[in-house]
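Visitor: I would like to go through this model and ask what lies behind each label. Please set the values against the cut-offs.

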Amino acid sequence: MKRLLIIFAAGVPLAAACLPAAASAGAASSAAVPFTCSSISVNAPAGTAVESVTAVRREGGTVTIPPVPPLTDVVEIPDVPAYCDVTVTLTHPGVGDHAKVRTWLPETGWTGRFQAVGGSAFAAGDYGAGLAGAIKSGYAAATTDAGVSTYIDTSWALNSDGKVNTALLKNFADRSQHEMAVVGKQVVNEVYGRPVSYSYWNGCSTGGRQGYMEAQRHPSDFDGILATAPAINWDEFEVATLWPQVVMNEENTFPSPCEFKAFNEAAVKACDPLDGAPDGVIGDPATCAFDPRKLIGKSVECDGEQEIITAADAAVVRKIWDGPRTPSGKKLWSGIPIGAGFDLAGTRIDADGNRVGAPFPVPAIWVATFLKRQPSYDLSTITYAEFAKLFEQSQTEYDTIIGTDDPDLSAFRRSGGKLLTWHGQADELIPAQGTVDYRRRVELAMGGARRVDDFYRLFLAPGVAHCVGPTSTGPKPTDALGALTAWVEQGKAPQTLSAATKDSSGKTVTRELCLYPSVSRYTGHGDPADAGSYSCASVRH
């Protein structure tokens, strides 16, 4: 459970972790405009009614975010300016929902920018860390709960008759984000007495998917969209990420965490040199062809005891890396990237002392609740054949609602919007290959890579886990939002994204992430920890 909490926590305070650069010269000043934090009126977006509006002035200082289940830690954000906290509650007549739009507006130092903050897992929005980070950087910021619940609480998903609550699912999938953009901008206009100069979306995982949905269905909402590790292809990958559990159950083989670690370390050791630099990171996982059968017979120490890696263990790892297939061998989706962690292959010891599967909550909930309509369904009974049927069912029932993979971004391009995405290549929860495949489909639909680069750019981060998760070993982008604002406001399209991390000795390692499809290659001279020792080489797989 501790590892699960860390993973969720990694995806929550994105805006706080990826603060933009200082406001550019010429950014609007708020010094001469009125500021009010009372008597705010809001016109209801189309199809909604406003239930209530509250506005409260908050003192500056440290903002404390209480723990939100399943997270258990209190988050404290220091040095937050005084702000106006506005909550607008919307409902869709006849639905009975209550979707809250929360907007924070700094009392001083507003740059004229507006930032919408996305959600994580089954939470549609932010609980305060992202909002606080945004207003510290001069943004007015907004988020929405979409009328649903927290990260892994989907008690809203089924009606009393056991059918999926499609109204709330639509809120979560799409319409509440658009309504938040409309309401948030209204609130900004009311509080500051003038409209926003530039509007941005900022989200990772679910928040990344929301950003893509905005570009696809509401292309005029934002000038710039930062969508990290986006959960597009939701209807496919949420089933696909249950695959490691299905494999272990079907093969009746449950490798221990230290055995999985041994496979991972061996793969990294074998494939690390392929990019020219021995830095403990696989530069391009697509080029790694490590065969897990090489570890058969190897002794691994686990909790003080020696375990021997078997052919069955290697077969399980091979299937997990290969990814979901039908019983006839048809490829369904990408597997866990080689070099990433094995949290999706989690296990536990049951009451009888046997090691059994422990599914990751998000895909487990999706399959049990949204597909089986039985929240307590025993996922360990799913066979390879049934898995393939569930994969197809998810596509059929949910692609048009939450698929978020429409490659036609022509309206977004016409609106002048910019879409910037980076995705870690050691992301096991949402493999980067799904984002790469989407980018290729956009190129096919919209005139090729060069034309698409005019408004949509993708960067891949070797060794980085989901939303900069704790298992990341590669350099992480240091200011992606700053790169996006420079692109939107100054026309400076990013050719690379600056990234950095600390190695095991505490030394800072820097890198420039390359614009897709280029990859970073060591030049053969210079410090391997210095970004200047690398260049971007074009490659397609």
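**Values and cut-offs**

Guide: Leaving aside neighbours within four places in sequence, Pro244 is in contact with Ile320, Ile336, Leu344 and Ala345. This is a predicted model. Pro244 lies in helix α7, residues 243-251.

Visitor: How far is Pro244 from Gly125?

Guide: Their C-alpha atoms are separated by 29 Å. Along the chain, the two residues are 119 apart.

Visitor: And Pro69: what makes that residue buried or exposed?

Guide: The relative accessible area of Pro69 is 54%. Exposed means over 50%. So Pro69 is exposed. Pro69 sits in the loop between β2 (61-65) and β3 (75-80).

Visitor: Which residues does Pro69 touch, not counting those up to four places away in sequence?

Guide: Thr150 and Tyr151. The C-alpha atoms of Pro69 and Asp153 are separated by 8.4 Å. Those two residues are 84 apart along the chain.

Visitor: What is the peptide bond from Pro69 to Pro70, cis or trans?

Guide: That bond is cis, with omega near 5°. Pro70 also lies in the loop between β2 and β3. A cis peptide bond joins Tyr516 and Pro517 too, with omega about 10°. Pro517 is in the loop between β18 and β19. As a rule, most peptide bonds are trans.

Visitor: What is phi at Ser205?

Guide: Phi of Ser205 is positive, about 65°, although the residue is not a glycine. Most residues other than glycine have a negative phi. Ser205 lies in the loop between β8 (198-204) and α5 (206-217).

Visitor: How do you know whether Ser205 counts as buried or exposed?

Guide: Relative accessibility is 8% at Ser205. The cut-off for buried is under 20%. Ser205 therefore counts as buried. Thr404 also has a positive phi, near 55°, and is a residue other than glycine. Thr404 lies in the loop between α11 and α12 (410-415). With a relative accessible area of 3%, Thr404 is buried.

Visitor: Why are α4 and α11 called oblique?

Guide: Helix α4 (residues 166-192) and helix α11 (residues 384-402) pack at an angle of about 50°. Roughly parallel needs under 35 degrees, and roughly perpendicular runs from 65 to 115. The angle falls between these ranges, so α4 and α11 are oblique to each other. Their axes are 9 Å apart.

Visitor: Which residues meet there?

Guide: Leu169, Lys170, Phe172 and Ala173 in α4 meet Tyr398, Ile401 and Ile402 in α11. By class, this contact has 6 nonpolar, no polar and 1 charged residues.

Visitor: How do you know how α10 is set against α11?

Guide: The axes of α10 (residues 361-371) and α11 cross at roughly 85° and come within 11 Å. The range for roughly perpendicular is 65 to 115 degrees. That makes α10 roughly perpendicular to α11. From α10, the contact uses Trp366, Val367, Phe370 and Leu371. From α11, it uses Leu390, Gln393, Ser394, Glu397, Tyr398 and Ile402. These divide into 7 nonpolar, 2 polar and 1 charged.

Visitor: How many cavities of 30 Å³ or more does a search of the whole structure find?

Guide: There are 6. About 220 Å³ of space lies in the largest cavity. Of its 18 lining residues, the closest to the centre are Gly283, Pro462, Arg511, Leu513 and Ser520.

Technical notes:
Residues are numbered from 1 along each chain as its sequence is written. This is a predicted model: local features need pLDDT of at least 70, side-chain atom pairs count only at pLDDT 80 or more; totals for chains, interfaces and linings use all residues. Side-chain values use heavy atoms; hydrogens and water are left out. On a 1 Å grid over the protein atoms alone, a cavity is a set of points where a 1.4 Å probe fits but cannot get out, and a pocket is an open set with protein on both sides within 12 Å along at least five of seven lines; lining residues have an atom within 4 Å of a point. Grid points are joined across faces, edges and corners, and a volume is the space filled by probe spheres set on the points. Helices (H or I, at least four residues) and strands (E, at least two) are DSSP runs, numbered from the N terminus. Buried means under 20% relative accessible area, exposed over 50%, partly exposed in between (1.4 Å probe, protein chains only). Contact means heavy atoms within 4.5 Å. Axes are lines fitted to C-alpha atoms, for helices over the stretch in contact, and angles run from 0 to 180 degrees between N-to-C directions. Angles under 35 degrees count as roughly parallel, over 145 as roughly antiparallel, 65 to 115 as roughly perpendicular and the rest as oblique. Ala, Val, Leu, Ile, Met, Phe, Trp, Tyr, Cys and Pro count as nonpolar, Asp, Glu, Lys and Arg as charged, and the others, Gly among them, as polar.
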